[in-house]
Amino acid sequence: MEFEYLNDYKGLGRAVFLRGYGKDLIVTLDVGPRILHFSAESCQNVFAEDVLEADVLPDGSVCHVYGGFRICHCPETFPRSYISDSRPVESYSVLGDSLVVDAQPEVWTQMQKRLRVTLRPEDVEVQIGIKNTGAWAVQCAAWGISACAPGSTVVFAGSSEDTGYLPNRSLVFWPYTKIQDARMQFFNAYHVVRCDPARAEPLKLGCRNTQGWAAAFVHQQCYIKHFAWEAAREYPDFDCNFETYDANWGIEVESLSPLQMIEPNQTLWHTERWEIHSGISLPTAMPQEAELHQILQHLGLVETDQFCK
C-alpha cells in the first residue's frame with residue numbers, strides 16, 4: 001500500500017495519493033474532504049475534473065462542485081445542502097490500509113462530514129458519515145455523490161422482484177427532466193443515461209435500486225458503485241436509494257442512505273463499495289439491452305438471461 005502526501009493538487013491545496021491493489025485515489029485535505037481522482041492504476045481519472053459549477057449562498061460563501069466524489073446530507077434543499085466545504089479538514093489519519101478524514105463541522109447546520117476510505121484487493125470501501133454536533137436530534141440521510149467524467153455512460157439496475165399483481169419498480173423524475181430526452185434509455189432490467197458534453201441542459205432521475213449497483217463506463221474503464229437497499233426503511237425523494245444527475249460537465253452517480261434520526265454527538269454511517277475495471281468499454285454510447293447484458297454478466301453484476309428475451 002502506498003500513501004503519498006501532495007503539497008498542492010490542482011491548486012486546491014494539500015491532498016493524499018493512495019495506491020494499492022491496482023487502484024489509484026486522491027483525497028483532498030484543504031477542501032472537502034473530496035475524492036478527486038479514482039482510476040485503475042496509472043489510468044485516466046474516471047471522475048470529472050476542474051468543474052466550474054458553483055452556487056453562491058446567502059452569506060456570500062460559495063459551494064463549488066470541483067468534480068470527483070463529495071458527501072452531502074439530504075433531503076436536498078437550498079442553502080442547507082450547499083454549505084461550502086472549501087476549507088481545510090479538521091483532522092486526518094492513516095490507519096493500516098485506510099485513510100480517515102473529518103471535515104470541520106458546518107457552523108449553520110451543526111453537521112460534520114466524515115470519510116473513511118479503505119483499499120482492499122477486491123474493491124474500495126468508502127464509508128461516509130454525517131455527525132450531529134448540535135444540541136438536538138436531526139433527521140436526514142447520507143448522500144454520496146460521484147461526479148463522473150464528461151462522455152460517461154451510466155447503467156443502473158432497477159427492481160427485479162416478481163410481485164405478482166403488485167407493481168415492482170418506479171422511476172422518479174425531477175421537474176427539469178424531459179421524459180423524451182434522448183440521453184436516457186430504458187430497458188426491462190437496466191436503465192442507461194449518457195453524458196453528452198454538447199448538451200448543457202440538466203436532467204435528473206432516481207429509483208428504488210433493490211439490486212444496489214450502478215456502473216459508469218468512460219476512458220476504457222468501468223467504475224461500479226455498490227450500495228444497500230433496506231426494504232423496511234424510508235428513503236428520501238419518493239423512496240430513492242439511487243439517483244443520477246446529468247449535465248455537459250459530467251454525470252453524477254449518487255447513493256442515499258435511509259432517513260434516520262441522528263441524536264446529538266452521534267454519526268449516521270453509509271457505506272459504498274467501489275470497483276474499477278480497465279480495458280472495458282461499451283460497443284456504442286447507447287447500447288442495446290442484449291449487448292449490455294453480456295457486458296454486465298462479464299462484470300459479475302447479473303447472473304441470468306431472464307430479462308433479455
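Let's start inside. The largest nonpolar core has 47 residues, and Ile35 and Trp274 have the most contacts within it. A nonpolar core here is a set of buried Ala, Val, Leu, Ile, Met, Phe, Trp, Tyr and Cys residues joined through side-chain atoms within 4.5 Å. Buried means under 20% relative accessible area, exposed means over 50%, and partly exposed is in between, with a 1.4 Å probe and protein chains only. Apart from that core lies another, of 20 residues, among them Val155, Tyr190, Val192 and Leu301.

A word on the source. This is a predicted model, where local features need pLDDT of at least 70 and side-chain atom pairs count only at pLDDT 80 or more, while totals for chains, interfaces and linings use all residues. Residues are numbered from 1 along each chain as its sequence is written, and side-chain values use heavy atoms, with hydrogens and water left out.

Back to Trp274. What is Trp274 in contact with, leaving aside its neighbours within four places in sequence? The list includes Leu25, Ile35, Phe38, Phe47 and Phe69. It also includes Asp123, Ser146 and Lys225. Contact means heavy atoms within 4.5 Å.

Now Glu272. This residue is in strand β23, residues 267-278. Strands (E, at least two residues) and helices (H or I, at least four) are DSSP runs, numbered from the N terminus. Is Glu272 buried or exposed? Glu272 counts as buried, because its relative accessibility is 0%. Not counting residues up to four places away in sequence, Glu272 touches Phe69, Val124, Glu125, Val126, Gly144, Lys225, His226 and Ser255. Glu272 and Ala182 are 90 residues apart along the chain, and their C-alpha atoms are separated by 29 Å.

Next, Leu301, from the other core. Leu301 sits in the segment after α2 (289-298). At 10% relative accessibility, Leu301 counts as buried. Its C-alpha atom is 9.9 Å from that of Gly212, 89 residues apart along the chain. Leaving out residues up to four places away in sequence, Leu301 touches Gln211, Trp213, Ala215, Ile224, His226 and Leu296.

On to empty space. Rolling a probe the size of a water molecule over the atoms shows where empty space is left. On a 1 Å grid over the protein atoms alone, a cavity is a set of points where a 1.4 Å probe fits but cannot get out; a pocket is an open set with protein on both sides within 12 Å along at least five of seven lines; lining residues have an atom within 4 Å of a point. Points are joined across faces, edges and corners, and a volume is the space filled by probe spheres set on them.

How many cavities of 30 Å³ or more does the structure hold? It holds 1. The largest cavity has a volume of about 70 Å³. Its lining includes Gly32, Ile83, Asp85, Arg87 and Met111. That lining divides into 4 nonpolar, 4 polar and 4 charged residues. For this count, Ala, Val, Leu, Ile, Met, Phe, Trp, Tyr, Cys and Pro are nonpolar, Asp, Glu, Lys and Arg are charged, and the others, Gly among them, are polar.

The largest pocket has a volume of about 440 Å³. It is lined by 25 residues, and Asp55, Val65, Arg70, Glu76 and Tyr82 lie nearest its centre. The pocket lining splits into 13 nonpolar, 2 polar and 10 charged. Strands that each supply at least two lining residues include β5 (51-56), β12 (138-148) and β21 (250-256).

Cysteines next. The structure holds 0 disulfides, a disulfide being a pair of cysteine sulfur atoms within 2.5 Å. Cys74 is buried, at 1% relative accessible area. Cys222 has its closest cysteine sulfur in Cys148, at 9.8 Å, also too far for a bond. Cys222 is buried too, at 0%.

Last, the backbone. Cys74 is joined to Pro75 by a cis peptide bond, with omega near 15°. Another cis peptide bond joins Gly32 and Pro33, with omega about 25°. Pro33 is in the loop between β3 (23-28) and β4 (35-40).

Asp50 is not a glycine, yet has a positive phi of about 55°. At 52% relative accessibility, Asp50 counts as exposed. Asn265 also has a positive phi, about 70°. Asn265 is exposed, at 58%.
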